[in-house]
Amino acid sequence: MTPDQVRDKDQLLQLVRQKAILNARTRFLPFIRMFAPYVIPENFVEGKHIHMIADKLERLEKGEIKRLQIWMPPRSMKSKLASVLFPAWVIGRHPTWETMS
């Protein structure tokens, strides 16, 4: 590789990373993809249920849903999503919001 190609590759990687960060700031599912490997010690498997939970929690954050109950079998990541990752995402988006009242 030439030095120009290395710089172009580094710039491209930087742009991809910046886009991923912007997506994670605005959408909950990209946030899950970015941070689940750090929060969940076991292997993270992104199933349809993760998409459904992410969509519902994102709608909750937008105010489209006032209350939400998640009923799923144990070990389906509902607690990690709803009580760890979701509050972190909301606080990052709305630092002045009260998370408990």
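Which residues of helix 4 are buried? They are L81, L85, F86, W89 and V90. Buried means under 20% relative accessible area, exposed over 50%, and partly exposed in between, with a 1.4 Å probe and protein chains only.

## Basis of the model

This is a predicted model, in which local features need pLDDT of at least 70, side-chain atom pairs count only at pLDDT 80 or more, and totals for chains, interfaces and linings use all residues. Residues are numbered from 1 along each chain as its sequence is written, and side-chain values use heavy atoms, with hydrogens and water left out.

## Helix 4

Helices are DSSP runs (H or I, at least four residues), numbered from the N terminus. Helix 4 covers residues 78-93. Its 16 residues should span 22 Å at 1.5 Å a residue, and its end C-alpha atoms are 21 Å apart, which agrees. The expected span is 1.5 Å times one less than the number of residues.

Helix 4 has a kink of about 35° at F86, shortly before the proline P87. The bend is the angle between axes fitted to the seven residues ending at a residue and the seven starting there.

## The nonpolar core

The largest nonpolar core has 17 residues. Such a core is a set of buried Ala, Val, Leu, Ile, Met, Phe, Trp, Tyr and Cys residues joined through side-chain atoms within 4.5 Å. F28, I32, L81 and L85 have the most contacts inside it. Helix 2 (28-39), helix 3 and helix 4 each give two or more residues to this core.

Contact means heavy atoms within 4.5 Å. Not counting residues up to four places away in sequence, L85 touches F28, F31, I32, F35, A36, V39 and K80.

## Helix 3 and its partners

Helix 2 and helix 3 pack at an angle of about 125°, with their axes 8 Å apart. The two helices are therefore oblique to each other. At their meeting, F28, L29, I32 and R33 in helix 2 face I50, H51, A54, L57 and E58 in helix 3.

E61 lies in helix 3 (residues 48-62). E61 is buried, at 9% relative accessible area. Beyond four places in sequence, E61 touches F86, W89, V90, R93, H94 and W97.

R75 is exposed, at 73%. S76 is buried at 10%, and M77 is buried at 13%. Leaving aside neighbours within four places in sequence, S76 contacts H49 and I50.

Most residues other than glycine have a negative phi. Phi is positive in R75, near 65°, and in M77, near 75°.

Definitions and conventions:
Axes fitted to C-alpha atoms, helices over the stretch in contact; angles between N-to-C directions. Parallel < 35°, antiparallel > 145°, perpendicular 65-115°, else oblique.
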